[in-house]
Amino acid sequence: MSGKRLAKFKPWLDAGAVLARWVLGVLFLYMGLKKAFYPADFLKLVRQYDMVSSSLVLNLIAAVLPWFEAFCGLLLLAGVAVRGTATMLVLMLVPFTLIVLRRALMIASTQHLDFCLVKFDCGCGAGEVFICNKLVENTLLTLAAAWLIAGAGRKLSLRFSLFPAAASVAPREG
């Protein structure tokens, strides 16, 4: 696409990126707070994955992760440290999605269900969900966060990157 044609779409891309940032922010704020206000329920869901046996680590996950998600949501809504926050979301979404996929495959196998008929509360804060829908949703959220990491969503940001870019300094001539 030529530069002029791309420039024509730039306002729409900027608006889409800001919308993606706000949607991610609202979602993570809402889901994080929903889990934070009911830590015992969230702890039961985390236990179902049978990934951690230490009760201390399980309790720590149930106590800290929801507040961290809510904090990330607030940062995205405010437009502060967008790139770093989006990176944290990807680092949470990818392993979580793989863990959910693993559990769904196990349920489908043991209950002899078609994969897309598997439905359970994955711990995301939305209650019981059909797993195919959840996997598509998480993929879209991951792609939106990756888009922000790539530099989209600078408009209406208080501070897109936490650290300013290193200014290139021309070498001094003697």
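Tutor: The accessible surface of the protein comes to about 11,000 Å², and carbon and sulfur atoms hold 69% of that area; the areas come from the Shrake-Rupley method with a 1.4 Å probe, and for residues only the protein chains shown count as cover. The model is a predicted one, in which local features need pLDDT of at least 70 and side-chain atom pairs count only at pLDDT 80 or more, while totals for chains, interfaces and linings use all residues. Residues are numbered from 1 along each chain as its sequence is written, and side-chain values use heavy atoms, with hydrogens and water left out.

Of the 174 residues, 36% are buried, a word that stands for under 20% relative accessible area, with exposed for over 50% and partly exposed in between (1.4 Å probe, protein chains only). The protein has five helices and two strands, in the order α-α-α-α-β-β-α from the N terminus; these are DSSP runs numbered from that end, helices being H or I of at least four residues and strands E of at least two.

Helix 3 supplies L65, F68, E69, C72, L75 and L76 to the contact, and helix 4 supplies V82, T85, M88, L89 and M92; contact means heavy atoms within 4.5 Å. By class, nine of these residues are nonpolar, one is polar and one is charged. Here Ala, Val, Leu, Ile, Met, Phe, Trp, Tyr, Cys and Pro count as nonpolar, Asp, Glu, Lys and Arg as charged, and the others, Gly among them, as polar.

E69 lies in helix 3 (residues 55-78) and is buried, with a relative accessible area of 8%. Leaving aside residues up to four places away in sequence, E69 touches F28, L29, M31, G32, K35 and M92. The side chains of E69 and K35 are joined by a polar contact of 2.6 Å. A polar contact is a pair of N or O atoms within 3.5 Å; within protein, one must be able to donate a hydrogen and the other to accept it, and residues adjacent in sequence count only if both atoms are side-chain atoms.
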